[in-house]
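Dear colleague,

Please find below the structure that I am handing over to you. My findings follow directly after it.

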Amino acid sequence: MKIFVPSYFEKFACIADKCPDTCCIGWEVDIDAETAEKYSLIGGSLGKKIKKHLAVDETGCNVFTLCDGDRCPFLDKNNLCEIHANAGEKALSKTCTLFPRFFDDFGTFREMGLGFACPEAARIILEDEKPFSLIQHSVSADEDSVVDESFLEELFDLREEIFSVLENKNQDFRSKIRNILYIAEKIQKEIDGDDFCNESYGRSFDSCIAILENMEYIKPERREFLKSLKTCSQDTSSVSIYQSDFEKLMKYYIFRYLFKSVYDYDVLTKVKYGVFALIVVSRIYGYFKTPDSETRAKIMYSFSKEVEYSDSNMDLLDEMLYSSFSTEDLINLL
């Protein structure tokens, strides 16, 4: 199987206790069956602690039960992993080893990337000065997934076209996003035919906050902060000032989600994911007036961590962007 990764992919390495956040607080820690089997063979005090905290959740999956403050039981006071420290990196579960990397299989190839939810990954993506490009590797695979090859070819062409629009230096950023939405809308009309519906509802920014209010949060204070944006002046100048950041954010969403439409044929909503993130994140940039690089990375990873890494949040976002936000609504909110 061919595997494609962004050129910045190999730059990532976990910075452990130096991280300004942690992926070991607030999330249930999934333990794959193979790792659970290995853990059953570990003895001593570490083995006893693992047996104490390893449980089976309501879906039948192995998980570590969280401690006070929703901390992983193996996250020590210095925010380091006790399992890693005592048994080595190979003892980590697949979830812990993979994060913040993500991957999806499309027929005979796989694409992998870095998720924005990690502070170090966000820094790497935002600081990368090279044009977005993919590097090819090869991995062994038991079985190819089945996809619509002809539609996948169309998605390849669409992604290339979207990236070309984003890299066009002769257009302002809002015009680029408008054009991308219209391109995706045209393709969705061809897919849906007479069933296509993209009615304008005249949505305001408050409608965006209404979606975010109904999501679940790792840190409730983030919900309260987003709610407070409703009363802030609508400074949208950050879209132009920090165009490079938002171009990278849009490319990230297109790379991560567009090809998933090979399974549900909902191209337009996948593009809307990125535009919605642009709208909200640009308002947060505006709130901080002139955010420095550290603050901008924090805005990116905080938004991604709360929204993208919850299935229920992504389901809510998908439903609302599909049924209640037209392309014109999103264009008017930029």
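The crossing of helices H13 and H14 is right-handed (the near helix is turned clockwise from the far one by less than a right angle). Contact here (heavy atoms within 4.5 Å) is made by Phe276, Ala277, Val280, Val281, Ile284 and Tyr285 of H13 and by Arg296, Ile299, Met300 and Phe303 of H14. Nine of these residues are nonpolar, none is polar and one is charged; Ala, Val, Leu, Ile, Met, Phe, Trp, Tyr, Cys and Pro count as nonpolar, Asp, Glu, Lys and Arg as charged, and the others, Gly among them, as polar.

The model is predicted: local features need pLDDT of at least 70, side-chain atom pairs count only at pLDDT 80 or more, and totals for chains, interfaces and linings use all residues. Residues are numbered from 1 along each chain as its sequence is written, and side-chain values use heavy atoms, with hydrogens and water left out.

Helix H5 (residues 119–127) is mostly covered, with seven of its nine residues buried (under 20% relative accessible area, 1.4 Å probe, protein chains only). Helices (H or I, at least four residues) and strands (E, at least two) are DSSP runs, numbered from the N terminus. The cover over the buried residues of H5 includes strand E6 (109–114), helix H11 (243–257) and helix H14 (293–307).

Strand E6 also belongs to an open sheet of four strands, ordered E5-E6-E1-E7 with mixed pairing; two strands pair if DSSP finds at least two bridges between them. E5 and E6 run antiparallel and are joined by six bridges.

Yours sincerely

Note on methods: Buried < 20%, exposed > 50% of the residue type's maximum accessible area, 1.4 Å probe, protein only.
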